[in-house]
Amino acid sequence: MLGGLLATLVVSTSCSPGGGPEAATANDGGPVFTGIGGSAGSSTVPEAAPPPLFGHYRVEIVATHPHDPAAFTQGLEWHDGLLLESVGRYGTSARRWVEANTGDVVDTESLPSNQFGEGLTVVGDQIVQLTWQEEVAIVADIDNLEPRSQFRYDGEGWGLCFDDTHLVMSDGSAQLALRDPHSFEIRSTITATRDDSEVRLLNELECRGSQVLANVYGSDEIVVISTATGRVEATIDAHALRPPDLPIENRDFALNGIARRPDTDRFFLTGKWWPILYEVELVPANTDGT
Ligand SMILES: [Ca+2]
């Protein structure tokens with residue numbers, strides 16, 4: 001699944017002038033967004049920016065942990081020693097705190113049965129969780145997971161991460177929207193391309209310094225995109241992680257879930273209905289994954 005590294009990028013710095021998802025707006029159907037309290041990203045001391053990733057990488061497993069095989073994982077993030085996980089599908093969607101080593105669910109909050117949970121991330125003392133086609137981003141309390149307010153947006157929600165400046169959001173296309181963390185308004189959009197071709201199906205995201213890691217839906221490839229220039233600057237071959245006995249051709253069992261531990265620069269990776277959570281290190285590799 002690894003391709004070349006040459007990439008080009010289309011960058012739009014305008015604020016959604018008639019194209020792409022619109023900025024958050026009030027909506028007759030639900031509460032009006034009341035804003036995220038506190039100072040975004042101020043709850044922890046910002047880490048020094050990690051060096052960017054360039055080239056090809058493979059994953060080296062350093063530990064395996066149990067993962068709820070009933071969790072249709074749609075988003076994953078590490079925060080203060082716990083994993084924050086978004087579970088999808090109608091009727092089972094939730095956001096939850098999970099103890100990584102045991103897989104124990106420390107706390108969970110269900111979504112309404114008509115909402116399908118997608119990517120999520122921590123912003124200050126709150127959580128922002130996307131929904132797939134409901135065009136609502138839930139703003140929840142980081143301590144008890146309860147919903148506090150919401151943003152509205154147009155289009156689908158897939159992946160989300162916060163780079164201490166912008167919320168980075170995917171919608172299944174090759175575009176990433178960089179949104180204001182307080183208003184959810186689109187500040188710019190980038191279109192990732194590689195070898196003059198768009199890299200579509202960007203799904204679950206993980207912000208890492210000046211780059212964002214993205215699952216490519218239906219594959220075992222993770223692309224590493226510069227959020228400043230948009231270029232795909234590195235690729236990660238994660239095919240070695242697929243647990244045995246899962247249907248390879250069934251996209252419902254896709255790799256989906258990237259959470260980085262800033263203290264070790266290791267990653268937790270899992271997938272939809274996977275019984276295993278992998279803790280991995282990235283190792284430079286050849287283009288054939290060796
Ligand atoms: Ca993530």
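Ile-186 in β14 is the bridge partner of Arg-179. The model is a predicted one: local features need pLDDT of at least 70, side-chain atom pairs count only at pLDDT 80 or more, and totals for chains, interfaces and linings use all residues. Residues are numbered from 1 along each chain as its sequence is written. Strands (E, at least two residues) are DSSP runs, numbered from the N terminus. Two strands pair if DSSP finds at least two bridges between them.

Strand β13 covers residues 175-179, and because four of its five residues are buried, the strand is largely enclosed by the rest of the structure. Buried here means that 20 or more other C-beta atoms lie within 10 Å of the residue's own; a residue with 12 or fewer is exposed, one in between is partly exposed, and C-beta atoms are placed from the backbone. Strands of a sheet pair through backbone hydrogen bonds, either parallel or antiparallel. The pairings of β13, and that of β2 with β22, are antiparallel and are listed below.

| Strand pair | Bridges | Direction |
|---|---|---|
| β12 (residues 167-170) and β13 | four | antiparallel |
| β13 and β14 (residues 186-194) | five | antiparallel |
| β2 (residues 55-66) and β22 (residues 276-284) | nine | antiparallel |

**The eight-stranded sheet**

An open sheet of eight strands runs in the order β16-β17-β18-β19-β2-β22-β21-β20, with mixed pairing. Its edge strands, β16 and β20 (255-261), each pair on one side only. From one strand to the next, the twist averages 30 degrees (axes are lines fitted to C-alpha atoms, and angles run from 0 to 180 degrees between N-to-C directions).

**Ser-210**

Where does Ser-210 lie? Ser-210 is in the loop between β16 (202-208) and β17 (211-216). Ser-210 counts as partly exposed because 15 other C-beta atoms lie within 10 Å. Leaving out residues up to four places away in sequence, Ser-210 touches Ala-49, Pro-52, Ser-226, Thr-227 and Ala-228; contact requires C-beta atoms, placed from the backbone, to lie within 7 Å. Pro-50 is 160 residues from Ser-210 in sequence, yet the two are 8.4 Å apart in space, C-alpha to C-alpha.

Terms used:
Contact = placed C-beta atoms within 7 Å.
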